[in-house]
Amino acid sequence: MRVDVKYILFAVTLSMGLFTSCTSSEEECKLPQSCHGLNMTELPQRWDEAIPLGNGLTGGLLWQKDGKLRLAIDRADLWDLRPVEAFKSPDHTYRFICDQVIRKKDMRPVYALIDDRTANDPAPTKIPAGALEFDIHKLGKVKEVALDLATAVCTILWENGVQARFFIPAEGNGGCFRFVNLPDTLSPELLAPLYQGRVTESDHQPGVNDLSALGYQSGTITSPAPGRLLYRQQAWGDVSYEIGLQWEQPHTGVLEGGYYVTSKGTWYSGDTGRADHLNISFDEALASHQNWWEQYWKQSSVSLPDTLLERQWYLEMYKFAAASRKNAPPICLQAIWTADNGETPPWRGDFHSDLNTQLSYWAGYTANHLEESAVFTDWLWKIKENSEQFTRQFFQVEGLN
């Protein structure tokens, strides 16, 4: 009920302002301004407070870890979907739960069947892909960090004049970066998730386990040529993924590069996206990327007397476009930004088929972003047979849940 009240209040505030859904070339929508974005004077120090970048398929989190600038890399279709033995139990039915709760008034067997399994089994779960790191300790103090919503570009400025820009191409399967005014050489590192070893610090979120509990063998990172790194990782079953990183220093004080991340063995492996951004210059890739976002923002805008709510609307619409795209999976609990702390994400990053999932798409319909909104309903149709099978097994009736 609390969420509904907030939504109603937000809707009332919108009606007091001006909402424009732009459907013709003659209409002009207000692009996000610098005040609408994320602006800070230092890099975030936690993964869950990081600067989010994304294009529905590929996600990135920019933050600082142990004195290094870190870009966590994620791909929306990377999951460990190993079967759950408890789901095959004859007790895993709605009838059993009702019998325990209503007739026996004993919830303990229900907790053992559901909650205990979640606490002990490491999967099914969303899994991370890897990370890039840059040793920035020689660059000194950060002056400004800014995420520009209009262009979906994060810019970092140091007091000594060094500038770094990061973006995930609107249509692609990776990311781009450029440093200028560097006082010395700088090379990126490619890191694998902590699939082996233990995490010493834990957030103790529900259902969280160390990634090492998944039992993966560590993938290999090789250097096929100078300025190139390649990481291949086998996950559960037939699922595997690959990250390719390349960089160069075309001029003194300049570092440019990019990466791709592809998958095998998932529903979306065929839709790996393009890696064109690795074959063209940073400026060319940026121009194409900015054009996509310009068209996106032309679909709708708001002007509100409450500047805080107006900013929140633009932040949410940015997040929506970054997380939901055609030919990509729908938005799960943490969307394309998987935990970057050596652990599985809270609640496995799964799809809670209730308000948690539905709420992500509410803004898309009235904001004239129907292609991005259709990702959710397309996915519901895609899992129709799974839902029918679950209904027969759990509720023991024909239907769809």
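This is a predicted model: local features need pLDDT of at least 70, side-chain atom pairs count only at pLDDT 80 or more; totals for chains, interfaces and linings use all residues.
## About the model

Local features need pLDDT of at least 70 and side-chain atom pairs count only at pLDDT 80 or more, while totals for chains, interfaces and linings use all residues. Residues are numbered from 1 along each chain as its sequence is written, and side-chain values use heavy atoms, leaving out hydrogens and water.

## A cavity to look into

The model holds three cavities of 30 Å³ or more. A cavity here is a set of points on a 1 Å grid over the protein atoms alone where a 1.4 Å probe fits but cannot get out, and lining residues have an atom within 4 Å of a point. The largest cavity has about 50 Å³ of space, a volume being the space filled by probe spheres set on the points, joined across faces, edges and corners.

Of the 13 residues lining the largest cavity, Ala72, Ile73, Asp74, Thr338 and Asp340 are the closest to its centre. Strand 4 (58-65) and strand 5 (68-75) each give two or more residues to this lining; strands (E, at least two residues) and helices (H or I, at least four) are DSSP runs, numbered from the N terminus.

## A residue in a loop

Asn279 sits in the loop between strand 17 (255-264) and helix 5 (282-297). Asn279 counts as exposed because its relative accessibility is 66%, where exposed means over 50%, buried under 20% and partly exposed in between (1.4 Å probe, protein chains only).

Val101 belongs to helix 2 (residues 94-103). At 35% relative accessibility, Val101 counts as partly exposed.

Notes. On a 1 Å grid over the protein atoms alone, a cavity is a set of points where a 1.4 Å probe fits but cannot get out, and a pocket is an open set with protein on both sides within 12 Å along at least five of seven lines; lining residues have an atom within 4 Å of a point.
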